[in-house]
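Dear colleague,

I am passing on the structure below, and my notes follow it. Please read them beside the coordinates.

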Amino acid sequence: IVIFEPIETNSIRMSKSKVIAGAKISFDDVSYLITDAKLQIQQSQQNDFIVHIFNYNYNVDGKKFLNEPIDIYGNFFSHELTFLTIPRNILKNINEIFVNADVEVKKFILSSYAYSVTKFDKDTLEKGISLISFDKNKTSVTVFKNSALIHHKTIPIGLHHLAKDISRVCSISKSESKNIVNNYITKFFDNINFFEEDSKNE
């Protein structure tokens, strides 16, 4: 299993529905909507690989359900989905590194998702939470609601960029600006030094 988070990660949301016509909703109905949505993504994003699929906001005849409404009678069934995709070439290049080391990669997992499900309890994820993750060269935002990841975005702007801006605007050295950023950020991140490697190389 490879846990990582490339800047090129893409988040796609959609809603799918099906006419049940008074029948009982089954796992096949849920599976049909997921498969249909997955096919739509694969056709429109042919250069991307689906890493995660989240389904949520189940609705039967206008009534909302937190979990899959299996064995519920209804006329109209719908739910929302979020797909997280990564360019296939990125995954191929990463996989090649492991292949050369005789290591088989069975699954790719987004690091923000892995962190969230291990850091926060079920009730917190169900109520909803937004996770902002800072790195040296990128910042990512991950949103959970009803225990599902509903949105993710990574931008190529990180703490290094912030430190450079502070250095330029305030006319101070890069070392000083990094200390300012690090001292502020560590108030929220258990005294992690984001610029530790830089300090060793300076």
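Which residues make a nonpolar surface patch of about 210 Å²? The patch is formed by Ile132, Phe134 and Val141, where patches consist of residues with over 30% relative accessible area and no salt bridge, nonpolar side chains (Val, Leu, Ile, Met, Phe, Trp, Tyr) being joined within 5 Å and like charges within 9 Å. A salt bridge here is a side-chain nitrogen of Lys or Arg within 4 Å of a carboxyl oxygen of Asp or Glu, and accessible areas come from the Shrake-Rupley method with a 1.4 Å probe, only the protein chains shown counting as cover for residues.

This is a predicted model, in which local features need pLDDT of at least 70 and side-chain atom pairs pLDDT 80 or more, while totals for chains, interfaces and linings use all residues. Residues are numbered from 1 along each chain as its sequence is written, and side-chain values use heavy atoms, without hydrogens and water.

Valine 141 lies in strand β8 (residues 139-145), strands (E, at least two residues) and helices (H or I, at least four) being DSSP runs numbered from the N terminus. Its relative accessibility is 31%, so valine 141 counts as partly exposed (between buried, under 20%, and exposed, over 50%; 1.4 Å probe, protein chains only).

Seven helices and nine strands occur in the protein chain, and 37% of its 202 residues are buried.

Tyrosine 56, leaving aside residues up to four places away in sequence, touches Arg13, His79, Glu80, Leu81, Thr82, Ala148, Leu149 and Ile150, contact meaning heavy atoms within 4.5 Å.
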